[in-house]
Every structure is written in structure tokens, then in C-alpha cells.
Amino acid sequence: MRRRGVSGVVKHLNMIRQAKGKTPRRPPPKKPSNTQKDPVGVYCRVRPLGAEDEECCIEVISNTTIQLHAPDGLKANRNGEFKETQYSFKKVFGIKTTQRELFEDVAKPLVEDLIYCKNGLLFTYGVTGSGKTHTMTGSPGQGGLLPRSLDMIFNSIGPYQAKRYVFKPDDKNGMEVQNQVDALLDRQKRDSQTTVPKTPTTRRIDPEFADMISPAEAFKADGVDEDSSYSVFVSYIEIYNNYIYDLLEETPFDPIKPKWNGAGTPLRNNTEFIPPQSKLLREDQNHNMYVAGCTEVEVKSTEEAFEVFWRGQKKRRIANTQLNRESSRSHSVFIIKLTQAPLDADGDNVLQDKNQVNVSQLCLVDLAGSERTSRTRAEGSRLREAGNINQSLMTLRTCIEVLRENQMCGTNKMVPYRDSKVTHLFKNYFDGEGKVRMVVCVNPKADDYEETLLVMRFAEMTQEVEVARPVDRPICGFAAGRRQRNQAFKEELTRRLEDRGGPVTGESPTVLSQLLQSFPSLPASEIAGPNDDVTLPRLIEALEKRHKIRQMMVEEYNKTANMLKSMLQEQDGNFVAKENFISEQRGRLGEKDKMIQNQNNEIDRLEKKSKMLEYKIDILQKTSNIHEEDKRSLQHELDSREQRLQRELSDKRRMESRMQGIVSDTKLKWEKECERRVNAKQLEMQNKLWVKDEKLKQLKAIVTEGKSENRQPQRPSREKDKVPPKRSVSPSPVPTVPPVRPLHRRSHSAGGERWVDHKPTTNVDLDTVMQPNLPNAIKVTAPSEKALSKCDKYVLTHQEVASDGEIQTKLIKGEVFKTRGGGQSVQFTDIETLKQENPASASRKRRSSESGPSHEGERKDGDWTDVETRCSVAVEMRAGSNLGPGYQHHGYPKRRKP
Ligand code: ADP
Ligand code: MG
């Protein structure tokens, strides 16, 4: 009762404050504009190579870059691609990274956001076996991101948790605050249903996952609002074949339902397996997506939460086994909802105002394996399922692509979130309802190379998408520190009660009792009799006194209240000013943040550029190396060609000098030959000259014959030894003149001599009576060796014009010899001269032979006649000679030794 008095005072004050409207409502803090964007944070985790794998195709180059290299047997180069490719991420975690380190970098900021009323989405992406589940859930002894997130949440909000059932899901994605009575009733109902001990510390933890949670390692978020109450709700769903299943749904045994598969395999706990019913996606009034009718379990500790998760996990395993599904093809989504609402002004209970309840959620998604269908070798309906799973990952890829394009090109294409459940469920995140992070898991084994390449490309593209930064939620309108004051008040109360030594129901007795004591005590009010006029007036007086005191007290009270009010107003004013100052500072901070962000972006851009340039340099280096190599080989070739050229040049020079030698030799030879011929000609001419001289002399002698018969012609001294010319029809051959070379005379055949009758074509038929009779002769127009070889005699019919103008025919005869060289040689032996004479013109008869030599014309052929006495002339033709019909006439003057 007394407590109501004090709280009544406060309420009264509140009433005054609100009624008079003098305390202005705190203006909502300035919202930072929602134009700030953050790229999707993409992290890469490389798991260790399995024991059975040998070849590794991934190398961690730095803490932001990995390099993929094609395994040896792969034709990765067919498109001219480089064998090595590098991919950069926000951070790369190598094989030695611990789960704690990963959590600190990747999930801790999301949990902090969750506590500050911001949403977060974290998913693991990669090929089956790349470590997605290891990263998200963990392995025995190594809790993953999920249990660690739960640990951090409970470690942070532990003392500020609301009692169970204070918050209640409204099944429309929102939360309601239950009144205390309902909450209490619900709690009692729960206690009566379950047999589990209430305190989580004493609860037995399932040993199956006990070592996956490690509260000792838990992080703690700063800045938890002490004046708020928190509650955690979890849901666990599975998306398989584009159907959503609630893994936490309680499915009571339903005897009416037909048995699954006809067999109705009894489970461990003796319940029939009932295939789960798929759930639908809905949009709430804030356009946020949620799974309609999805179970949300309120949990009060990490252990409890993880137990719920594990229950879902088991259910998932059983369903997959029963329905013959492959768990690597399903996406699992664990949703942690954190509900917070401010305490009321007393700091005692949660404010009963639905609008003041804030709900933030963290979605932890373990996506299906990203491998292509071909790899899983699925058939029939499972192929279709696999197709759907691929479809949902494909849709995710498409959505990311469209988002990126919209952001980069300023387009406004529709993002096809609705094409698959996974993207539809998370569309709000990409529209700026929270932070998005992705851990790309990779197995470095060579078998996965091609799949990993696709994963890397997707991951690189994803980090180019920017998501709007979630705005800060406005905080409630009460002054801070309510919980603490309430706590302090309660403590003080207990202390004072203890001071009074005894439990008194009600609050602070001292103030009220003191007040009561200050009133004058009432006089006795018993009336003695009908004429007792003392008691009543005394009572009236006392009451009046009391009334006066009361009025004084009210006045005092009002005065104090007014004072308090003005104080409060002043404080409020201060508070508002401070608040404004804070929001101003926040604005500045935001600007600074923006600047830093811009600079960071610039740094990122430059880093990317420099990486790109490094890459280009590398390529150029490679190209230049190739060119260098080419140059070297060309140089080499050039050198060898030059050498060859030099060699050929020197060969040519040698050849030239040799040719020159030959030419000069030949020249010399020919010069000699010419000289020799000239000499021969000279001799011949001299001979002719001499013959003419001789003839002239003879002529003179004949002329002078009549004058002196005794006179003998005189031979020139140089011709003394020569045989004087005989006046005969045919001068006989000189026996002293041997053939030029030892020739061998052809033996005459039994049939007599055989002639070669040589008549040059220039001869004219003269109709002479006397013709040489040469039976069996071979007639030729030019002498041939063939003809000569068959005969032993040779005759040349030669015509010339004599001095008197008549044609003179000479028959130059000779014998044919075989030369040692195998050729034929003719040695002239005889000349017959046949001459026609016109009797009228002939004054004097002469023997034809006499006039011949004396009137010889200039024709050299005629010179034969008289020279034969002194010269031996041979026509020599060598075997194989190609000099043709031009035979050589050799005139050798026969000289006696002086
Ligand atoms: P996924 O979920 O991608 O198919 P899992 O998480 O099931 O792959 O990993 C497959 C196997 O590899 C598991 O036995 C897991 O323990 C192991 N593994 C994965 N990542 C790591 C890691 N980083 N360190 C040690 N073992 C790992
Ligand atoms: Mg897995």
C-alpha cells in the first residue's frame, strides 16, 4: 500500500508533465542518410588437403589473394588463358586458420550489429566437401561460426535477458509484449510440461555436441543497452528442391496419416516418420520476407539454443535418410532473432508497447554444394532435384549479376529474387536491410579445380555488389540508467527493511510514519453525555488544526513539485541540447566516416589497379622474354647465314681467280697459237713471193731465150739447194720429203686403189672432154674422215681463173695415211692441171703445166702447184674432231741444213 504512495507521486509528476505539455517530446535523432553502401564482404577459406589427395591447385599468396593453377593434366590453356589466375578477397584464411580467428573477423561484427538492432546475413558457399559445414557448424572440438555466435550473444546480453514468454512472436514476423500475468501463466505451463531443471547450468548437455560450444572463449559485445530487455528466438529451416521445411516443427504422432513409403520405419524413439510439410514465404507489412508458420523457439542460453539446433539437425538427417535425399543438395538456414524492448520508466518491467520492440536477425546459411549436376551423376527425379538446387544457386548468381549491373551502370533492372526460395527469402538483405557476408570455402585438391574456378568467379563478382548500410534504429524516449536506478532503489529498500528488523510488506515506512507523527494527536472522541460540549469542539479544533497542517503540507508539496518540475524541465532542456549536440557530432562523424570510406575505396581501387598493373607487367615480361628468345634465335640464324655468305663469297673469289687463271692461260695459248699461225702465214707468203719471183725470172728467161740461148736462169742464192721446178705435166713428188709425221701407209687392197673424189660445191661444170676416170671413187663435196678411212687415195678438183681469163682445173692428188692418233692424213703427191684454151686467143701453144704457175692468180689454192716441190702439205683430221669440214693445211717448208 505504501509503495503505491511513492509510485503514485512519480505517476502524478508524469501526469503533470504530460498534461501541461511543458516537457517537449524528445525529437527523434537525426537519421544518417541511407546513401552509404558497403560491398558484400567476401572471405575465402582454404581447407587443408585431404589425406588421399595429392595434387594441390591453390596457393595462398597473401592475406587477401589466392592463386589457382591448373592441374597438370588439364587443358586449361585452350582459350589462351593463363594457367595461373589470382583472386582477391576481403580476407583469405589459410589452412592454419582457427575457428576462433575466423569468427573474430567474419561473424563477430555481425553479432555486434545484431545487438545494435541491425540485421545480418552470413552464408558459406563452395563445392561439396570444401568445408562449408565445418565453417558454419563446426566439427567435434571445433565449434563453427554458429555456436560461437550464440556464445557471444548470450555472453553479451546475459544479465539483461527478459523472462521467458515476456516476448511472444506474433506469427507475422513481429513480436508482442505479453502482460506479466500471461507471461507468468505460460511459464507455469511450461514448467509443468517439461521435466528439465530450470537453471541451464545444472542441465545436462548432450555429449554429442558438448565440445562444440566453448563459452570460455566467447567474445562480448560492448554497449549493450542496459535499459532494455532482450530475448533470443531461433528457427531452423531447410530448403530442398525449392521447398522450405521447418526443422523445429513439433510433429506429434498422427495415426490417421498414411504410413510413409508403406514401410513406416519405426524410429529410435518409436515414433513414425512423418514427412515434413513445406512452408510458404510471406511478406510482412514492412515488406520483409518470412517463412509463414515457422517455429520460433525462445532460448535462454547457448546450450539451449545449440540443443535446439542439434534437434533440427537430427531431424534433417533422418528426413534425408528416409526420403533418400542428399544433404549436400539442401540449403540450411539458421535464424537467430534478437528481440529487445526498453524497460518502463521505473526500469522495472518491459514497456508494454509493441512499437518499442525491436527485432533484429542474423541468418546463418549453409548453402548447397555448388558443383554442377554432371559431377553428382544424379539420375531421374534426383537429377531434377539437383537441377533445382543448381537453379537456386543459379538464381543467386543471376541476382548478384543484375544487382551489380544496376549499381555499376545505373540501370534499374528487376532482380529476379522470386525465381528461387533462397533469394526470395533474403531479398531484403540485398535491398539494404542488413549486412551481407559470404565465406567462400575451397578445397585445394586438383579434382575440384574446374568447380573451384567457377566458385571464384562468382565470389569475385559478388564482392562488387554494394548493399545499403542499415540505419540506426531510434532509441526509446526514456532517460538512460533506469535499470540501474531501479536496482539501486530495490537494494535501498531491502536495506532499510532489514534496518527495521522485520519483514514488512510495503515500502519505505520511515517517511510516512514521520509525516504522520508530525500531526497533532487527536483528542478523545468519546462523548460523555448529551450535554458534553467539550469533546466535540475539541475534536473540531484538532481536526481544523490537522486540516491546516494538511493544507500547509499540500502547499509545501506543490511548491516542491513545482520546483522539481522546473528542475526537470531544465534537465530536459539540457538533455535535449546534449542530444542535439550528440546528433550533430554524429553527423560529423558520419561525414568523417564517409570520407574515410571514400579514401578506403580509393585505396582499394588503387590496390586493385596496382595488382592489375603488376599482372600486366608480368604478362609483358613474359612477352618480352619470348621476344628476346626470338631475337636471339634470329640473331643466331643471321650469324649462320652471314657465315655461309662469307664462305660462298670466298668460294666465288677462288673460282674467279681460277677462271682468270684459265682465261689468261687460254689467252696465252691462243696468243701463241695466233703467233704461230701468223708465222706460218708469213712463211707461206714469203714462199709465194719467192715462187712468183721465180716464175718471173723464168718468164724473163723465156723472153730472153731468143736473145741468148745459153743463158740459164739463176736461182736466188737462198734457194740453191732446192730442187729446180721441172716442166712436166705433173710435178713428181719430191722423194726427199718425208711425211710430216711417221705415217703408216694403207695397204692397197686386192681390188686396186680406191679414191676419195673431193669436188667442192663451188666448182662449175665445164663440159670438158677430159675427165678424170676414178672408178669406185667416193664422191664428196667436203672431205670427211669416214670417207678417208675407206680409201687410200685422195683427189681434189680445184678450179681457178688463169691469167688469160680461162678457167683452169687442177686435180690435186694425194695418198691417205692413217695417223697414230687414229685420224686420217693426206699427203699430197701430185697436181694435174687441166686447162681449156680458145684457139683464137692462143698465140702460142704451151704445155698446160708451164703456164699454170707463171700466171697463177691471187687465189691461194693455186699455190699448191709449185709449192709441192718444196713443201709437204697434209690435211689432218683427228678422230672425234669437231672442226667440221675446215681441215688444217700445214705447210712445212723443207729446208736443207745450210
Ligand atoms: P561441405 O559442407 O562443404 O560439404 P564439410 O564441412 O562437410 O564440407 O567438410 C568435409 C570434411 O572436411 C569434413 O570432414 C571436415 O571436417 C573437413 N574439413 C573441412 N574444412 C576443414 C578445415 N578448415 N580444417 C580441417 N578439416 C576440415
Ligand atoms: Mg555440408
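Is Val127 buried or exposed in this structure? In this predicted model, Val127 is buried, because its relative accessible area of 3% falls under the 20% cut-off. You will find Val127 in the loop that joins strand S7 (119-126) to helix H3.

Setting aside residues up to four places away in sequence, Lys132 touches Thr124, Tyr125, Gly126 and Val127, along with Asp366, Leu367, Ala368, Gly369 and Cys441.

Now turn to ligand 1. The residues around ligand 1 include Val127 and Lys132, and with them Thr128, Gly129, Ser130, Gly131, Thr133 and His134. Arg45, Arg47, Pro48 and Ser139 also belong to this shell. Helix H3, which spans residues 132-136, gives the most to the shell, with 3 residues. Sorted by class, the shell holds 7 polar, 3 charged and 2 nonpolar residues.

Some of these neighbours place polar atoms by oxygen atoms of ligand 1. For Thr133, a polar side-chain atom lies 2.7 Å from a ligand oxygen. For Ser130, a backbone N or O atom is 3.2 Å from an oxygen of ligand 1. For Ser139, a polar side-chain atom lies 3.5 Å from an oxygen atom of the ligand. On its own, ligand 1 has 550 Å² of accessible area, and the protein covers 67% of that.

In an unreviewed entry, UniProt lists Gly126, Val127, Thr128, Gly129, Ser130, Gly131, Lys132 and Thr133 under "binding site".

Methods
Residues are numbered from 1 along each chain as its sequence is written. Chains are lettered from A and ligands numbered from 1 in the order in which they are written. This is a predicted model: local features need pLDDT of at least 70, side-chain atom pairs count only at pLDDT 80 or more; totals for chains, interfaces and linings use all residues. Side-chain values use heavy atoms; hydrogens and water are left out. A residue is near a molecule or strand if one of its heavy atoms lies within 4 Å of it. A polar contact is a pair of N or O atoms within 3.5 Å; within protein, one must be able to donate a hydrogen and the other to accept it, and residues adjacent in sequence count only if both atoms are side-chain atoms. Accessible areas come from the Shrake-Rupley method with a 1.4 Å probe; for residues, only the protein chains shown count as cover. Helices (H or I, at least four residues) and strands (E, at least two) are DSSP runs, numbered from the N terminus. Ala, Val, Leu, Ile, Met, Phe, Trp, Tyr, Cys and Pro count as nonpolar, Asp, Glu, Lys and Arg as charged, and the others, Gly among them, as polar. UniProt positions are given in the numbering used here, feature names are shortened, and annotations may be inferred rather than shown by experiment. Buried means under 20% relative accessible area, exposed over 50%, partly exposed in between (1.4 Å probe, protein chains only). Contact means heavy atoms within 4.5 Å.
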